[in-house]
Amino acid sequence: MQVASRQNVRSMAVRPKVAARRVQVISARYANWRDQLASSSPSSSSTSVEPKKILMMGGTRFIGLYLARQLVEAGHEVTLFTRGKKKVAYEIPDDTPSSFVSFSRSIKHIQGDRMDFPEVERKLAREGFQVVYDINGREAVEVEPVLKGTKSTLEQYIYCSSAGVYLKNDMMPHREEDAVDPKSRHKGKLDTEEMLRKSGVNFTSIRPVYIYGPLNYNPVEEWFFHRLKAGRPIPVPGSGQQVTQLGHVKDLATAFVKVLGNKKAARQIYNISGERFVTFDGIAKACAKAMGAPEPEIIHYNAKEFDFGKDKPFPMRDQHFFTSVDKAMADLDWQPEFSLLGGLKDSYEKDFGRGTFRKEANFKCDDLILEKIKGGAFSAPKASAAAAPAPAMSRSSWR
């Protein structure tokens with residue numbers, strides 16, 4: 001598995017002597033931040049926060065599922081605002097029978113349409129929420145009624161943004177102060193951060209990179225698992241040496257909790273992801289190890305030579321894309337628990353390995369690539385009993 005160190009990647013395309021000096025500076029800065037973590041007082045983290053009345057916008061899939069559980073376990077009163085199309089509480093792989101019963105009894109719900117702004121303001125105004133976790137907000141206009149409805153009691157607004165807002169840059173990793181891209185498809189997240197900044201509210205914005213883990217509704221690790229299970233080659237764009245970063249959903253949830261009541265997090269933005277960087281080829285190999293599968297055949301291709309139409313041939317952007325999480329580690333007394341391989345094993349064993357997944361396998365783009373590069377479509381080995389993916393099971397069948 002190919003994993004890139006921070007210092008080596010940070011110094012890409014920089015003259016050797018300059019790179020050496022930069023590595024020394026970064027190493028000294030990192031050591032200083034580590035010292036800050038060691039000497040920080042307990043009062044700066046959420047462990048000493050008194051129970052809060054918390055509103056979560058969203059919360060019935062992936063990030064919200066794990067975050068809501070951590071907040072409830074910490075003693076907070078948590079209310080989800082959703083359209084009511086999904087169960088507010090249902091069992092997830094980490095639940096035990098007793099923990100699920102406890103969570104089900106504790107979680108509260110307000111049903112409503114987030115895009116009905118007068119309704120949102122009216123329903124929230126009478127509740128007295130102290131903290132808002134906005135997990136599903138996409139545009140600044142969606143946040144305004146939430147602020148209005150909670151303005152008399154609001155102490156902190158915690159927003160889920162995206163690292164996709166950064167402007168493509170030759171200098172990596174992305175840091176929180178780096179330039180952002182006003183043409184990004186996540187422009188709504190940028191606009192929301194700016195609106196929160198101008199509003200004067202005590203806010204914190206979290207910018208995840210690629211999130212993975214059990215129940216992931218984006219086909220990140222699942223994309224690789226489908227191909228590995230079918231015994232297929234893994235098509236990877238370019239050289240496969242593009243460097244990226246994945247963060248486990250439970251590490252992200254923990255960071256969200258660490259922000260709560262943390263004075264250092266006031267009006268701050270944090271990148272959150274795994275601590276290590278990895279190449280595209282490295283992800284394919286790590287997924288195979290997590291499954292206990294043989295190392296896969298990797299096929300490299302030039303995406304410009306194909307017309308995939310609206311189909312997506314690879315689950316990640318074809319470029320170097322990774323961030324520094326040093327600021328979060330220093331301010332929040334937070335550190336990722338999961339290594340990449342450990343996190344992928346957790347995801348596989350608690351989700352795909354049980355026969356559950358969000359999207360059916362689609363090998364249309366793969367076959368186009370194989371036809372051009374290898375002169376024929378993929379043919380599964382006759383002896384392989386794993387050529388077809390297992391049927392999706394209901395969530396209730398996990399136990």
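Colleague: Which residue stands opposite Thr204 in S12?

Modeller: Thr204 stands opposite Gln268 in S12. The model is predicted, so to speak of a local feature requires pLDDT of at least 70 and to count a side-chain atom pair requires pLDDT 80 or more, whereas totals for chains, interfaces and linings use all residues. Residues are numbered from 1 along each chain as its sequence is written, and side-chain values use heavy atoms, leaving out hydrogens and water.

Colleague: In what sense do S7 and S12 pair?

Modeller: Strands of a sheet pair through backbone hydrogen bonds, either parallel or antiparallel. Strand S7 (residues 203-208) and S12 pair in the parallel sense over five bridges. Two strands pair if DSSP finds at least two bridges between them; helices (H or I, at least four residues) and strands (E, at least two) are DSSP runs numbered from the N terminus.

Colleague: What is the strand order of the open sheet?

Modeller: Its seven strands run S4-S3-S2-S5-S6-S7-S12, with parallel pairing. Strand S4 (108-111) and strand S12 (268-272) are the edges, each pairing on one side only. From one strand to the next the twist averages 20°.

Colleague: At what angle do H6 and H7 pack?

Modeller: Two packed helices are described by the angle between their axes and the distance between the axes. H6 and helix H7 (residues 187-199) pack at about 35°, with axes 8 Å apart. The axes are lines fitted to C-alpha atoms, for helices over the stretch in contact, and angles run from 0 to 180 degrees between N-to-C directions. Val143 and Leu147 of H6 are among the residues making the contact, as are Met195 and Leu196 of H7.

Colleague: Which residues does Leu67 contact, leaving aside neighbours within four places in sequence?

Modeller: Leu67 is in contact with Met56, Tyr133, Ile135, Ala253, Phe256 and Val257.

Technical notes
Contact means heavy atoms within 4.5 Å.
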